[in-house]
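Subject: Structure handover

Hello,

Here is the structure I promised to pass on.

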Amino acid sequence: SDHMENIYGYLMKYTNLVTGWQYRFFVLNNDAGLLEYFVNEQSRHLKPRGTLQLAGAVISPSDEDSHTFTVNAASGEQYKLRATDAKERQHWVSRLQICTQHHTEAIGKNNPPLKSRSFSLASQGSANSPGAQRRPSQNAVSFFNVGHHRLPTGKRVPIVQPDHLVDVREMMSQAEGQQRDLIRSIECLPASGHLTSLDQDLLMLKATSMATMNCLNDCFHILQLQHASQQKGSLPAGTTISWLEPKISLANHFKNGAAQNFPAEINKPASVREEQSIAEPCQLTREPEEINPDEELEDICDDKEDDLGAVEEQRSVILHLLSQLKLGMDLTRVVLPTFILEKRSLLEMYADFMSHPDLFVAITNGGSAEERMIRFVEYYLTSFHEGRKGAIAKKPYNPIIGETFHCSWRMPKSEVAADAGTSSSAHSLSEQVTLPKDPEGQAEPDYYTVKFVAEQVSHHPPVSGFYAECVERKMCVNAHVWTKSKFLGMSIGVTMVGEGVLHLLEHGEEYTFSLPCAYARSILTVPWVELGGKVNINCAKTGYSASITFHTKPFYGGKLHRVTGEVKQNMTNTLVCRVQGEWNSVLEFTYSNGETKYVDLTKLSVTRKRVRPLEKQGPFESRRLWQHVTESLRDGDIDKATEHKRALEERQRNEERLRAETETPWSTKYFLKDGDGWVYHKPLWKTVSAAQTQQTDNN
């Protein structure tokens with residue numbers, strides 16, 4: 001083919017964080033199916049500095065910009081390259097893809113399907129490589145020499161008896177051990193050569209064997225339920241048997257080339273046994289707890305997530321995970337590897353969106369409905385930058401059901417923006433209605449306090465509720481969010497389903513708002529976060545609304561993290577403010593009077609939240625609940641962090657199973673179901689309404 005000519009030229013190659021990008025001379029050798037590079041064109045006659053086999057490789061244009069692309073070899077090695085422009089990138093990507101397809105198809109023609117392939121994993125202990133031991137006379141059975149156990153054919157009984165359940169459990173334990181041995185044997189294969197641990201057939205075998213064991217465990221649990229019902233006489237009315245979570249975590253297989261240990265209960269660290277033995281949340285007190293802000297201390301924790309080491313070291317793990325996912329697949333029930341986790345819970349991430357409480361409190365100080373809507377839009381757009389910890393896209397802990405997070409912020413009243421033109425009527429409600437004062441009659445502090453509480457109210461689907469209030473300014477916000485994540489190929493998309501409502505009680509106004517989608521891009525290289533989608537903010541009373549669009553980067557050209565928006569008065573269809581810029585950099589606000597204001601988010605002051613010390617937190621408060629996972633991640637001990645995380649998740653599954661079997665409904669602590677949403681049990685609008693009623697009665 002005329003498209004199979006050899007090509008060569010200079011490209012930039014990303015080496016590491018220290019060295020960065022370097023110019024190298026690349027040569028595509030179509031005949032050999034190799035991509036080679038040299039220091040420069042003059043050294044082309046010398047030995048290449050690096051070589052990639054293109055058979056089985058994946059060539060991926062990056063969505064970071066229009067110049068970058070990656071070459072992911074079947075061995076797990078990767079080149080991140082950058083051309084001078086989009087046209088040159090397309091030229092290299094097209095030629096590399098043609099060469100890759102040609103040599104991949106050639107290997108497929110020269111190698112029969114797996115069922116007729118002949119090699120043995122039983123000889124892994126020998127010094128010779130599996131490729132050197134392949135013999136035509138061997139069949140597929142000798143390759144998978146893991147043994148098979150058959151159920152006794154002479155014993156057939158109509159009802160499963162307890163002793164037979166014990167026998168089944170023993171056989172399943174043996175099968176699980178053999179399945180783990182099989183996984184280890186595959187993963188111990190060399191990273192390069194004719195047969196590798198990333199062989200497509202072997203990856204499929206790993207996935208199907210794991211799925212089979214999961215299915216068998218589900219069936220065994222159904223047998224246990226049936227046996228329990230036979231003991232009682234019949235199943236309770238309304239009982240349903242649902243499929244359970246996977247019993248074999250993907251994380252168990254995420255250490256390519258390393259033997260996994262499965263210690264007995266007695267060998268587990270005390271902290272893991274403690275996590276597994278904490279009483280079920282519904283057995284603890286589920287009464288709402290009033291948190292005293294005076295017990296909270298300014299947070300000194302500063303866990304930035306800029307470390308690329310774990311992501312780069314575990315690229316083979318990511319490739320293995322991707323081999324088991326399908327486009328559009330729901331990731332809610334997929335156990336993701338621990339090294340991609342942030343050192344905080346999702347509930348705490350929602351709190352970090354409130355890191356500019358001075359802007360939040362200043363909303364109600366707006367002298368007109370128009371100004372209050374604009375101030376809310378300004379606050380809304382500045383909240384996302386601090387909600388992200390660092391530039392690397394990592395995932396916060398999935399909160400377990402019943403998990404809570406509490407914090408507060410204090411800011412001097414002098415630092416909160418006021419409105420010089422505020423009319424007396426704007427605060428008429430504030431003057432007429434006074435909330436109950438402190439019984440000790442203490443002097444009013446010179447600072448405002450914003451209190452925050454979040455709770456995981458549902459596990460499937462995963463729904464979080466959060467609430468924040470400033471009593472002094474008579475304003476609060478209530479929201480519920482259902483996070484739906486999907487696999488999108490080289491990206492992961494998270495849709496934030498739900499709604500929030502901001503209540504400005506001094507003005508009798510409610511502002512409803514939604515949240516944008518989030519995307520983790522370039523998950524095979526340096527993952528980064530992008531927001532996308534259209535959100536709306538509406539105030540029915542005043543008729544003002546805002547439409548905000550978070551733009552995802554187009555394939556060619558364009559800026560990252562771009563956001564645009566408009567604020568309108570719906571009744572007159574008047575545009576009162578226009579917004580443009582980047583949600584993590586600089587925002588430009590243009591007002592109807594012609595004035596323009598720039599907000600540099602990187603220089604915006606951040607108010608540290610105040611959190612109770614761990615020893616004063618309840619067992620299901622986020623930081624105490626995840627403390628051992630967080631400590632292990634800080635120490636760089638991924639295996640230990642995985643063990644602690646697995647213990648928490650297993651305990652949650654056991655509790656969920658027990659509630660299903662005993663038909664015990666889950667009871668939330670701080671939030672109540674309200675239609676399709678969730679509302680804080682003691683919102684400020686109820687307190688103010690009660691105070692108004694009491695004053696009316698007294699008069």
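Start with the charged side chains. Asp299, Glu342, Arg344, Glu348, Asp352, Lys609 and Arg623 are linked in a network of salt bridges. Keep in mind that this is a predicted model. The count of salt bridges comes to 22.

- Glutamate 289 and arginine 612: their side chains meet in a salt bridge at 3.3 Å, N to O. Glutamate 289 sits in the loop between helix H5 (270-277) and strand E8 (297-298), and arginine 612 in the loop between strand E24 (610-611) and helix H12 (622-625), so the pair ties together parts that are 323 residues apart in sequence. Glutamate 289 is partly exposed, at 34% relative accessible area. Arginine 612 counts as buried, at 7%.
- Arginine 375 and glutamate 371: the closest N and O atoms of this salt bridge are 2.9 Å apart. The two residues are 4 apart in helix H10, so about one helical turn separates them. Arginine 375 counts as buried at 13% relative accessibility, while glutamate 371 counts as partly exposed at 24%.
- Lysine 645 and glutamate 649: this salt bridge also has its closest N and O atoms 2.9 Å apart. Both residues lie in helix H14, 4 residues apart, about one turn of the helix. Lysine 645 is buried, with 8% relative accessible area. Glutamate 649 is buried too, with 17%.

Now follow helix H14 itself. Residues 638-662 make up its 25 residues. From first C-alpha to last, helix H14 reaches 36 Å, close to the 36 Å expected at 1.5 Å a residue. Just after H14, glutamate 663 takes a positive phi of about 55 degrees.

Next, the nonpolar side chains. The largest nonpolar core has 61 residues. Phe360, Leu381, Phe452, Ile537 and Phe550 have the most contacts inside it. Helix H10 (residues 369-387) gives the largest share of this core, 9 residues. A second, separate core has 20 residues, among them Leu35, Ile59, Leu81 and Ala83.

What does leucine 381 contact, leaving aside its neighbours within four places in sequence? Its partners are Ile548, Phe550, Val563, Val579, Trp583, Leu587, Phe589 and Leu601.

Last, the cysteines. A search of the whole structure finds 0 disulfides. Cysteine 188 is partly exposed, at 42% relative accessible area. Cysteine 470 is buried, at 0%.

Best wishes

Conventions: Residues numbered from 1 in each chain as written. Predicted model: local features only at pLDDT ≥ 70, side-chain atom pairs only at ≥ 80, totals over all residues. Heavy atoms only, no water. Core = buried A, V, L, I, M, F, W, Y, C linked by side-chain atoms within 4.5 Å. Buried < 20%, exposed > 50% of the residue type's maximum accessible area, 1.4 Å probe, protein only. Contact = heavy atoms within 4.5 Å. Disulfide = S-S within 2.5 Å. Expected span 1.5 Å × (residues − 1). Salt bridge = Lys/Arg side-chain N within 4 Å of Asp/Glu carboxyl O.
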